[in-house]
Amino acid sequence: MNLSVGSAVGTMIFIIILVLVIVSSCIKIVPQTQAFIIERLGAYQGTWSVGLHFKVPIIDRIATKVILKEQTLDFPPQSVITKDNVTMKIDSIIFFQITDPRLYTYGVQNPISAMENLTATTLRNIIGALELDQTLTSRDVINTRMREELDVATDPWGIKVKKVEIKNIIPPAAIQDAMEKQMKAERERRESILRAEGEKQSTVLVAEGKKMEAILGAEAEKEAAILRAEAKKEATIREAEGQAQAILKVQQANADGIKAIKEAGADDSVIQLKSLEALEKVADGQSTKIIIPSEIQGFAGTLAALSETVKKDA
């Protein structure tokens with residue numbers, strides 16, 4: 001009896017544990033940025049988004065866990081041929097995001113491999129329409145065209161191509177050597193041009209400096225000549241003023257002497273003789289013109305007449 005009760009209790013505990021395990025396995029929590037594809041008896045049942053979910057035991061299963069974050073695909077370098085028959089390798093990277101988990105799961109077998117093959121064929125088609133120089137200088141154009149074409153092609157797979165970037169373009173070794181030589185020649189040409197322009201600018205500046213120096217020298221000489229002329233003019237004026245003042249002082253002194261003689265009671269003959277003496281002193285100067293008063297001129301004429309009479313008597 002006790003044995004049968006213990007066996008029943010053990011069976012009950014086992015059943016409870018089994019139920020708890022089954023129930024816990026049927027409770028699922030979907031994390032952020034993920035989606036679960038649920039199938040029931042092999043058919044698509046639904047898509048679980050973030051949160052707590054419960055699936056029916058045995059008949060429901062999680063077919064795929066899809067990451068909804070933006071992802072990158074870095075493919076190995078692809079061999080392509082340009083329009084002018086140059087073989088090169090191009091390394092590209094794709095940024096994409098899964099927008100429809102159902103289409104991503106059931107749209108194509110192995111979506112990542114499909115995207116890689118699609119990228120390679122799209123890149124060959126685009127590069128095949130461009131020449132080498134265009135390929136090397138048109139990365140933005142290539143990126144834009146690849147993104148547009150890949151986005152259209154992957155839309156039925158529930159994939160949104162966000163961006164495509166060409167990481168590296170590797171031309172053949174011979175082409176690289178030729179490009180390096182061309183770049184070196186171009187740098188040397190630019191250096192020669194810059195040197196010639198520098199020498200030309202230096203020559204122009206030197207010529208302008210000499211011209212300015214000549215102009216300043218001529219202006220300085222002109223100013224010096226003007227200053228010399230003004231100085232000479234000023235000296236002449238001062239010399240004339242000095243002579244005039246000397247004459248005025250002599251005349252003033254003679255006038256004062258005559259005045260003194262007159263006040264002492266001398267007659268007109270003595271005064272006129274003193275005037276003649278004053279004129280004689282004035283004539284000894286550097287004046288070229290002397291004005292003689294009319295009275296003195298008359299007296300001088302009288303003296304001349306008397307001299308002639310004396311000579312006749314003799």
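Visitor: Asn110 first. Is Asn110 buried, exposed or partly exposed?
Guide: Asn110 counts as partly exposed, at 43% relative accessibility in this predicted model.

Visitor: Where does Asn110 lie?
Guide: In the loop between helix H2 (101–106) and H3.

Visitor: And what is the phi of Asn110?
Guide: Positive, about 55°, although Asn110 is not a glycine. Most residues other than glycine have a negative phi.

Visitor: Which loop holds Ile58?
Guide: The loop between strand E4 (51–54) and strand E5 (60–67). Ile58 has a positive phi too, near 70°, and is a residue other than glycine.

Visitor: Ile58, buried or exposed?
Guide: Exposed, because its relative accessibility is 85% and the cut-off for exposed is over 50%.

Visitor: Switching to helices. How do the axes of H3 and H5 cross?
Guide: Helix H3 covers residues 111–128 and helix H5 covers residues 139–154. Their axes come within 10 Å and cross at roughly 135°. That makes H3 oblique to H5.

Visitor: Left-handed or right-handed crossing?
Guide: Right-handed, as H3 passes H5.

Visitor: Which residues make the contact?
Guide: From H3, Met115, Leu118, Thr119, Thr122, Leu123, Ile126 and Ile127. From H5, Ile142, Arg145, Met146, Glu149, Leu150, Ala153 and Thr154.

Visitor: How many are nonpolar, polar and charged?
Guide: The contact of H3 with H5 has 9 nonpolar, 3 polar and 2 charged residues.

Visitor: Let's take Thr154. Buried or exposed?
Guide: Buried, with a relative accessible area of 1%. Thr154 lies in helix H5.

Visitor: What does the side chain of Thr154 reach?
Guide: The backbone oxygen of Leu150, at 2.7 Å. Leu150 is also listed among the H5 residues in contact with H3.

Visitor: Leaving aside neighbours within four places in sequence, what is Thr154 in contact with?
Guide: Met115, Leu118, Ile159 and Val161. Met115 and Leu118 belong to the H3 side of the helix contact.

Visitor: Now Ser138. Where is Ser138 found?
Guide: In the loop between helix H4 (132–137) and H5.

Visitor: Is Ser138 buried or exposed?
Guide: Buried, with a relative accessible area of 17%. The cut-off for buried is under 20%, so Ser138 qualifies.

Visitor: What does its side chain reach?
Guide: The side chain of Ser138 reaches the backbone oxygen of Gln134, at 2.7 Å.

Visitor: New topic: Pro76. Which loop?
Guide: Pro76 lies in the loop between strand E6 (71–74) and strand E7 (78–81). Pro76 is partly exposed, with a relative accessible area of 46%.

Visitor: How far apart are Pro76 and Asp91?
Guide: 15 residues apart in sequence, and 6.2 Å apart in space, C-alpha to C-alpha.

Visitor: What is Pro76 in contact with, leaving aside neighbours within four places in sequence?
Guide: Ile90, Asp91 and Glu116.

Visitor: Zooming out. How many helices and strands?
Guide: The secondary structure comes to 8 helices and 9 strands.

Visitor: How many residues, and what share count as buried?
Guide: The protein has 314 residues, and 20% of them count as buried.

Visitor: And what share of contacts join residues at least 24 apart?
Guide: 61%, among contacts between residues at least 6 apart in sequence.

Technical notes
Residues numbered from 1 in each chain as written. Predicted model: local features only at pLDDT ≥ 70, side-chain atom pairs only at ≥ 80, totals over all residues. Heavy atoms only, no water. Axes fitted to C-alpha atoms, helices over the stretch in contact; angles between N-to-C directions. Helix = DSSP H or I, 4+ residues; strand = E, 2+ residues; numbered from the N terminus. Parallel < 35°, antiparallel > 145°, perpendicular 65-115°, else oblique. Left-handed = near helix turned anticlockwise from the far one by under 90°. Contact = heavy atoms within 4.5 Å. Nonpolar A, V, L, I, M, F, W, Y, C, P; charged D, E, K, R; others polar. Buried < 20%, exposed > 50% of the residue type's maximum accessible area, 1.4 Å probe, protein only. Polar contact = N/O pair within 3.5 Å; in protein donor to acceptor, adjacent residues only side chain to side chain.
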